[in-house]
Amino acid sequence: MQCSCVLCRCLAVWRRRDARRLLGPIAVMALAAPLAYPAGVAYGDERLVFRLPVDAPVTDPFRPSEDPYGSGNRGIEYDTEPGDVVRAAAAGTVVFSGAVAGSLHVTIDHGGGLVSSYSYLQRISVRAGVEVTPSQVIAIAGDRLHFGVRANGSYVDPFGFIGVRRIRVRLVPLRRDGRSPIRARP
């Protein structure tokens with residue numbers, strides 16, 4: 001089964017010789033641009049990579065609203081079973097752990113303006129002020145789990161952080177005669 005991520009699809013097109021000749025190196029940079037992180041999201045010197053908080057199907061993906069009070073989904077809704085384990089998506093400090101309007105919630109500050117939240121929990125395993133590691137158990141899920149991410153105070157799509165790694169693209173110029181470039185040695 002072939003990978004269907006944006007980069008792999010771009011590289012598949014790029015491998016075709018006619019596309020390389022017509023598109024040029026600028027096309028690769030433009031196609032790779034959506035892989036960048038939102039501005040200001042960093043964790044020390046390393047870029048932050050999230051893991052899935054639960055192993056459950058998504059019932060409602062991120063849907064941004066048009067205004068601050070409009071309808072939408074400011075996170076990802078998972079169809080969990082009561083008793084499913086909820087894990088921290090990344091390392092950070094628990095800044096809130098408790099009840100809001102009759103349901104349990106946990107909020108983790110990852111630094112660099114990045115905060116994740118876990119809502120509609122059955123039981124909480126951490127308290128405010130505790131440092132958590134990636135994949136550490138933080139709670140037990142209820143009938144559903146809402147996972148949200150805020151970057152510098154604004155809700156962003158959590159899928160943009162799950163499994164994303166920073167990559168460096170090295171462009172190799174074509175020969176003047178249009179043939180493939182000389183292959184670099186590993």
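Two strands are taken as paired if DSSP finds at least two bridges between them. In this predicted model, strand β5 (residues 103–111) and strand β6 meet that criterion, being antiparallel and joined by seven bridges. Within this pairing, Ile 108 has Ser 116 of β6 as its bridge partner. The hairpin of β5 and β6 has two residues between the strands, and Gly 112 in this hairpin adopts a positive phi near 65°.

Strand β6 also pairs with strand β8 (residues 137–151), again in the antiparallel sense, over nine bridges. In this pairing, Ile 124 is placed opposite Ala 139 of β8. Arg 123 belongs to β6, which spans residues 114–124. When residues up to four places away in sequence are not counted, Arg 123 touches Leu 104, Ala 139 and Ile 140. The C-alpha atoms of Arg 123 and Ala 141 are 7.1 Å apart, although 18 residues separate the two along the chain.

Aromatic contacts were examined next. A pair of aromatic rings is described by the distance of the centres and the angle of the planes. Three aromatic pairs are found in a search of the whole structure. In one of them, the ring centres of Phe 50 and Phe 161 are separated by 5.7 Å and the planes make an angle of 35°, so this pair is classed as tilted. Phe 50 is in the loop between α2 (17–32) and β1 (58–60), while Phe 161 is in the segment after β9 (154–156); the pair therefore ties together parts that lie 111 residues apart in sequence. Both Phe 50 and Phe 161 are buried.

Tyr 118 and Phe 147 make up another tilted pair, with 5.3 Å from centre to centre and 35° between the planes. Because Tyr 118 lies in strand β6 and Phe 147 in strand β8, this pair ties together parts 29 residues apart in sequence. Tyr 118 has a relative accessible area of 0% and is therefore buried. Phe 147 is likewise buried, with a relative accessible area of 0%. Through ring pairs, Phe 50, Tyr 118, Phe 147 and Phe 161 are linked into a cluster.

Arg 144 is positioned over the face of Tyr 120, at 3.8 Å from the ring centre.

Technical notes
Residues are numbered from 1 along each chain as its sequence is written. This is a predicted model: local features need pLDDT of at least 70, side-chain atom pairs count only at pLDDT 80 or more; totals for chains, interfaces and linings use all residues. Side-chain values use heavy atoms; hydrogens and water are left out. Helices (H or I, at least four residues) and strands (E, at least two) are DSSP runs, numbered from the N terminus. Contact means heavy atoms within 4.5 Å. Rings of Phe, Tyr and Trp (its six-membered ring) pair if their centres lie within 6.5 Å; planes under 30 degrees apart count as stacked, over 60 as edge-to-face and the rest as tilted. Buried means under 20% relative accessible area, exposed over 50%, partly exposed in between (1.4 Å probe, protein chains only). A charge sits over a ring if NZ of Lys or CZ of Arg is within 6 Å of the ring centre and within 35 degrees of the ring normal.
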